[in-house]
Amino acid sequence: MTAELPMQARVVIVGGGVVGCSVAYHLAKLGWRDILLLERKQLTSGTTWHAAGLIGQLRATANMTKLARYGAELYDKLEDETGVATGFRRVGSLSLALTSERLEELRRGASMARAFGVDVEEVSVAEASRRHPLVDMAGVLGAIYLPRDGQADPGNVALAMARGATQNGATIRENVKVTGLTLANGRVTGVVTDQGTIAAEVVVNCAGMWGREVGRMAGVHLPLQACEHFYVVSEPSDEIPKGLPVLRVTDECAYYKEDAGKIMLGAFEPNAKPWGMNGIPDSFCFDELPADLDHFAPILETATKRMPLLGRLGIRTFFNGPESFTHDNRYLLGETPEVKGFFVACGFNSVGIQSAGGAGKALAEWIVGGAPPFDLWDVDVRRTFPFQATRAFIVPRVSETLGLLYADHFPYRQFATARGARRSPVHEILRRHGAYFGETAGFERPHWFAEPDEVAQGQRPEPHDTWGRPRWFANVAAEHRAVREAAGLFDMSPFGKFRVEGRDAEAVLQRICANDVDVPTGRIVYTQWLNERGGIEADVTVTRLGEASFLVVTGAATTRRDFAWLERHIPDDAHCIALDVSSGEACLGLMGPRSRELLASLTPDDVSDAAFPFGTARTIEVGMAHVRAHRITYVGELGYELYVSAEFAAHVAETLLEAGAPFGLRLAGLQAMDALRLEKAYRHFGHDIGDEDHVLEAGLGFAVKVNKSPGRFGDVIGREAVLAKRQSGVTRRLVQFRLEDPAPLLFHTEPVVQDGEIVGHITSGGYGHTLGAAIGLGYVPCVPGEGPEAMLARRYEIEVAGRRVPAVASLKPLYDPTSARVKG
């Protein structure tokens, strides 16, 4: 195109692949007209043109599934709207299980599909063979069929959305390279190109494989890295039936699709090949990478046995092309926490075609509305941390994540690569005591501990990934019992910790916090941060340290998200600053009915209930350190969070452990903590509560004080939504469930069945070792004004891998409903 570039636009989209075209299309559909999409070469010339074009509907969460289903519906009608054929066909998909663990995963996935409203069938091996007659069913134990899955022409999907965007007023320019971004006062103000500078209110990074480099132009570090992705296409044959379902044999790392009388075979192999670590050639345009027959040979050899016709036909095309992957196999979406107005939609991990329609719609609504349209935490860019974009981290990590797309998705599986980046000050102590570490936000966190006799014999804890009871089930049970009956010690150092300081600190927090933080020094306030819809943006504690000083504590995974929310809601004229001090202090959680006795034996300070009541914080001596002790709990027992400067943390931990034996002290990990909090029905952000979950429906109204006096900066955020919901009544409630059968296990997304009908799904689950069965939380619809008795009188079941298990439902915690143990 030779027309001159405009000097300004309301929004500039960087990248003309399927995602960039989708964002442009959906912004235009929402009425924006001053939209400029810039493509460095030609539309679709990066990754889109060579994508496989598989359109699945079922994703890991309800909202991701909703977006995938929307994409399929969109591609089905785009030709009528734009005149560009997308090639979309609903051929269905068939997934085979070759192991009992995989069959359990598929059955659990089928239950999840039913909870999310996706058509699904479990089919026999004979029926699977009938639906895909080219497959040798040797070793197949079972199969799942999704009739409304499909496939499409990837390039034409993108071009159809590009046409739709321009028909609605957007401008698309090819052969324009973005070389920089302009910033001012913490927000993006435009883009610099090889043909001039363009002012813009919003810039969207849809640059795919180049997304990491575009992010760096704004000082934003995105964990993105290209990997080589292989597939082969057979010679054509009349023996290949038309309209075969997409076939996935994930135990063999392979997928197959029929296209124009040929078979495409692709793979997600366990040890992938990162590409472009030193940058992508500037000339890259519809390029292919060199074939690597040796790398792909094991996949091909197995595939010709699974589909013998493939071996007889021969290979017409061997393709190798790069695709962009992230550190955790979830794409990056949303406004970056570092730079206002700079949005990203990239890193689609080989599911860009099926995801683009929904992702583009969600991001466009986010840009126009100023907030996520619903809970997008799964893919929210605010979950990332800058260190994850370092070469030493992201290159080995994506060599693993590509293969994990088709690996068994066990509930507690941990990444094996790029580990050890972040360690708490007591890491080595925990390691010596037999900790099995998992990863959260890069932190090495103990999940469970080996038995002391195993540690004494030099045995290291080993993972055991399964859908059943793992070998470490008994270890967690012992830790759980120790916390319920005596005392447990948790490393909680990865918590996010923010100091909020200044003479306006209270007024700022009064607007952000739903609860009342106008409390005396030393009080701890449990509170949510709400959005204007009454949804929960953060779940935190706020401790008043002084007249103009507060400490906010949040989870490790949400640290960047929550700090960005806090910073962006401090008014420009406020005498208030926020500092992320997370790394400055360790936190040790001493929990259990004998925790007070143990603490009293180590300090000259009075820690009696009268001197140190629940919900307060005070500085005490422990050994040779001064510790700020917070009397609060996430496990439902008497307990203390002990905050100590990092350099004293090891000493305090050793002091507690040396003195703890007479009190039954035991080290405990995250698995025990999760089980303990589930018994007490404590909510977990990102699973049980999020930004589309109304605080009253989540059962957290006790922590909401919307009638507190408005401060200098106005009423609390979300006040009107809370008042409106109180007036109209809730339409769903978060309910706690306990299975009546002690054998099945709950994890998340299992369907909740009320009087024989699926009405929701489990948001988080685990095993309640005190209650003696699996425990889960989940939202259940209710009639406004309906009392708890009527709601709980219904018959409840939880569907576990296709089997419906009777369950007890409760709106109060099944363990210690009056919190007597917490306050005792």
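Let's start with C346. In this predicted model, its sulfur lies 7.3 Å from the closest cysteine sulfur, the one in C206.

What about C253? C253 has 15% relative accessibility, so it counts as buried. Across the structure, the disulfide count is zero.

Now the helices. Take α1, residues 18-29, and α9, residues 352-369. Their axes come within 8 Å and cross at roughly 40 degrees. The two helices are therefore oblique to each other. The crossing of α1 past α9 is right-handed.

Which residues of α1 meet α9? They are V18, V19, S22, V23, H26 and L27. On the α9 side, we have G352, I353, A356, G357, G360, K361, L363, A364, I367 and V368. Sort that contact by class and you get 10 nonpolar residues, five polar and one charged.

Next, α1 against α2, which covers residues 62-82. Here the packing angle is about 75 degrees, and the axes sit 14 Å apart. So α1 is roughly perpendicular to α2. From α1, the contact uses Y25, H26 and K29. From α2, it uses Y70, L74, L78 and E81. By class, that is four nonpolar residues, one polar and two charged.

Methods. Residues are numbered from 1 along each chain as its sequence is written. This is a predicted model: local features need pLDDT of at least 70, side-chain atom pairs count only at pLDDT 80 or more; totals for chains, interfaces and linings use all residues. Side-chain values use heavy atoms; hydrogens and water are left out. Axes are lines fitted to C-alpha atoms, for helices over the stretch in contact, and angles run from 0 to 180 degrees between N-to-C directions. Helices (H or I, at least four residues) and strands (E, at least two) are DSSP runs, numbered from the N terminus. Angles under 35 degrees count as roughly parallel, over 145 as roughly antiparallel, 65 to 115 as roughly perpendicular and the rest as oblique. A crossing is left-handed if the near helix is turned anticlockwise from the far one by less than a right angle, and right-handed if clockwise. Contact means heavy atoms within 4.5 Å. Ala, Val, Leu, Ile, Met, Phe, Trp, Tyr, Cys and Pro count as nonpolar, Asp, Glu, Lys and Arg as charged, and the others, Gly among them, as polar. A disulfide is a pair of cysteine sulfur atoms within 2.5 Å. Buried means under 20% relative accessible area, exposed over 50%, partly exposed in between (1.4 Å probe, protein chains only).
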